Amino acid sequence: MRGVRSGRWRRVASQIGRSIAVWMVSTLTMLVLAGILPDFRLQSADGDSATRIAVTAAFGAGAFGLLSALVWPLLVRLLLMVPALVLGLLVFFLNGALLLLALRLNPTEQGDAAPETAVVVAAVMSAVASATGAALAVRDDDAYRRRLYRLADRRRSGPACPAAPGTVFVQLDGVGHDVLLDAVDKGLMPTVARWLATGIGVGVGTGRGPTHRLTPWRTDWSSQTGASQLGILHGSNHDIPAFRWYEKDRGEVMVCNRPTSAAELQRRAVEATGDAGLLTLDGASRGNLFSGGADEQALVLSIAARRSRETRSRAGYFAYFSDPANAVRTAMSFVAEVGREIGQSSRARARKVRPRVGRGGLYPFVRAFATVVERDVVVAAVTGDMLVGRTAVYADLVAYDEVAHHSGPVSRDAEKVLERLDRSLALIQNVAEHAPRPYRIVVLSDHGQSPGETFRTRYGLTLGDLVRAGCGLPVPRRARRTHSGTEARAAVRAALRRPVEEGAEQYRPSSSRRSEPIVLASGNLGLVSFPDVPHRMSKEEIDARHPALLTTLANHPGIGFLLVRSEEHGGVVLGPFGAQIPLDALDENPGPLADFGPGAADAVRRTHSFPHTADIMVNSWYDPSEGEVLAFEEQIGSHGGLGGAQAKAFLLSPLALSEPVEDGADLAGAEHIHHVLRRWLEETNGPQVPLTELEERRAA
C-alpha cells in the first residue's frame, strides 16, 4: 500500500513539474515574441521594469494556458457543424482570440496586441507548449498514454480488457501492391520494410525475421473504394457496378461517396447478408465510407446524413481538435500542405510535365484536408481505440489516393505521401506497446491506381461527347472538330443512310431530353444509360434506336471493350473490328479481354448479373506494356475499371494469423477479403455477433 501511495505522489509531482516547466517556457516565448513583434507589447506606453514585464508575461502565459485547457474544448464542440475545411482555418483565429482575452484578464492591463499579431503569437505559443510537453513526457509512459487518451476523448466502462489480442485494420487507400513494394525498395516505408524483413530501412542488421506476410489480391471490375470497402466491411458488394451509376427504377444517380447513397448501400448489404458487418463485436470504424456494424463510429460517411448528436459524422473531429496545441499543429501543417501543393503544381506546369491535369481552384485545400486533417484525426482515433482496448478497429487513410489522382501514382508527390503514411503506421505500432492488450496490425488496400492521360486530353472530347455523337445528338463545337467526333458523325449518317452533310440537326433522330443518354464516368470505366427505357436495354434494342452507337464506341481506339445485354446470348462483350463474344464463351475466346489479364472474364460476368448494370458498360483502352489506361475523368492516376495496377491491391498480415489463402489459390474480390478478415477475428476472439442478436442487445 505504501508503494502504491508513493508511486501516486511521484506521478502527481511529475505532472506538476511538467506543468511548471511548460508555463516557464511559454512565458519566455511570450517575452521573446514581445521583443520581436512591433504590434505585441507587455508593458505600458511609459515603460515598465523588467520584473513587471516578466510578471505580465507569466500571467498572460498562464491565463492563455488555462483558457486553452478549459474554453477550447467548448469552442470546438460548438463548431462541430462548421465544415471541416473551415474549422481548420478558424483554429488560428480562435486561438488568437483566446490570447487577446488572456491579456485582457491581466489586472495591470498592460499587455496588448493587434488582432493579426495575436493570431501569430497564439500559434507559436501553442506549438512551443506542445513540443515542450511532449519532450518532457517522452520517457514517461503514463503521461504518453494519458495524452493519447485525452486526444481520443474516450474512456472504457465495464469489465476489464480481455487478454485476447485485438486487431487493427489500416486501409491505405489506393496503394497498389507493386507501388508498396517499390516504396519499400526505395526506403520510403521503413516500418513496412521492417515488418517484411526486406533488409531495407529501420531494423537492418538486427537479425530479426519478418513479422508480416504480403499477399496480393485482385479487385472486382469496379476497382474503387465504394465497392471494395462495402465488400470488405459488410461481406457483399453485389449490385455496385461502378463508383457512380444511374438506377432506372429509382430515377436516381448513386454516388458511393455521397452520404445518402452510402447509407442506402450499407442498408442493402446488411439486408442481403443478414449480418451487421465485420466490426459488430466491440468494433470501431474510423474515416470509412461504411460503418461495418461498429458501435464506435467517427468520420463515417454512411452516418453523415444523420442529425443526431451521437451519430453526426463530424463529431469525430472533437476528440482531436479539443486539444488546442494539437489543433494548431494540424492547422499549421494544413497551411504548409496547401503551399506545398501550389508549389508542386506550379513546378509541374513550368516544366510542362505530361500527362498533367488542372490542380487549381479548391483542390489544394481538398488535398491538404485528405493528407493532413483526415490523417491526423483518424490516426488519433485509432490510437485512442487501442488504448481503451477495443477489439477490432478499421480505419481508412485516403492521403495517397487523393494525391495520386492528380500527380500520378508513381510521382514524387505521391512518394512523399507514402513516407508520411509509413510514419503513421510506426505511431500505431508504438501505441500498441502501451495498449492494455496485445494488438495485431493488418494493413491492406482497397485497390491500386493505373497511370495514363485522360481520354479527353488524347482525343479532344469526352466519353459523353462521343456517345452523343454516336446517337446523332448535338455535341459541342470543339468535339465536332475532332477526328473522333467527325468519324462518329459520319458513322451515324451512314447508318441512317443520310447524305454526308454538315449540321447534326439534319440527321438527329427525334427525341426528347428525357430520352437522351446519361453518361457517367468512374475512372476508366464509363456507363451509358437511357432513362426513358425502364429496363436494361439489349444490344438489339440499342442498334434499332441508335444504329451507329455501339459500332462507334467499340471501334474507337480509346475504348477497350463494351458489355451489353443480348437477347440472343444473354450478354456479350463487344470489341473493335466487329468482335462480339458471348459471356459464356469468354474462357475459350477472351477476345478484347485478352489484354486485361486473369480474372477479367469472371469480373465482367459478375457485373453483368447486377440489377443496376448500365445499358452500356464501357472500359477504356489498356496498354499492357506500359500499364496505362485512359481515364474518363480528369485524373492521371485512376481506378474504377479493368486494366493495370488498379486491380491489384495488397493484404499485409501478421504471421501470427493464418494464411489468407492456400498456396497457389487466388485471393480475388472484396467479399473474399471480408471472409478472410472475419476468420482472423474469430481465431482470436470467437465468432462475431449475428445481426438479430445485435439488434436485440442494442434495443435492450
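Helices, by the convention here, are DSSP runs of H or I with at least four residues, strands are runs of E with at least two, and both are numbered from the N terminus. Contact means heavy atoms within 4.5 Å. Axes are lines fitted to C-alpha atoms, for helices over the stretch in contact, and angles run from 0 to 180 degrees between N-to-C directions.

This is a predicted model, where local features need pLDDT of at least 70, side-chain atom pairs count only at pLDDT 80 or more, and totals for chains, interfaces and linings use all residues. Residues are numbered from 1 along each chain as its sequence is written, and side-chain values use heavy atoms, with hydrogens and water left out.

I start with the sheet. It is open and mixed, with 7 strands in the order β4-β21-β10-β3-β9-β7-β8; two strands pair if DSSP finds at least two bridges between them. From one strand to the next, the twist averages 15°.

Leu 214 has Leu 652 in β21 as its bridge partner.

Now the helices. α9 (residues 225-234) lies across β3 (166-172), β4, β9 (392-397) and β10 (439-444), at about 175° to β9. α13 (residues 363-387) lies across β3, β7 (283-286), β9 and β10, at about 170° to β9.

Last, one residue. Glu 264 sits in helix α10 (residues 259-273). Is Glu 264 buried or exposed? Buried, because its relative accessibility is 17%, and buried means under 20% relative accessible area, exposed over 50%, partly exposed in between, with a 1.4 Å probe and protein chains only. Leaving aside residues up to four places away in sequence, Glu 264 touches Arg 250 and Met 254.
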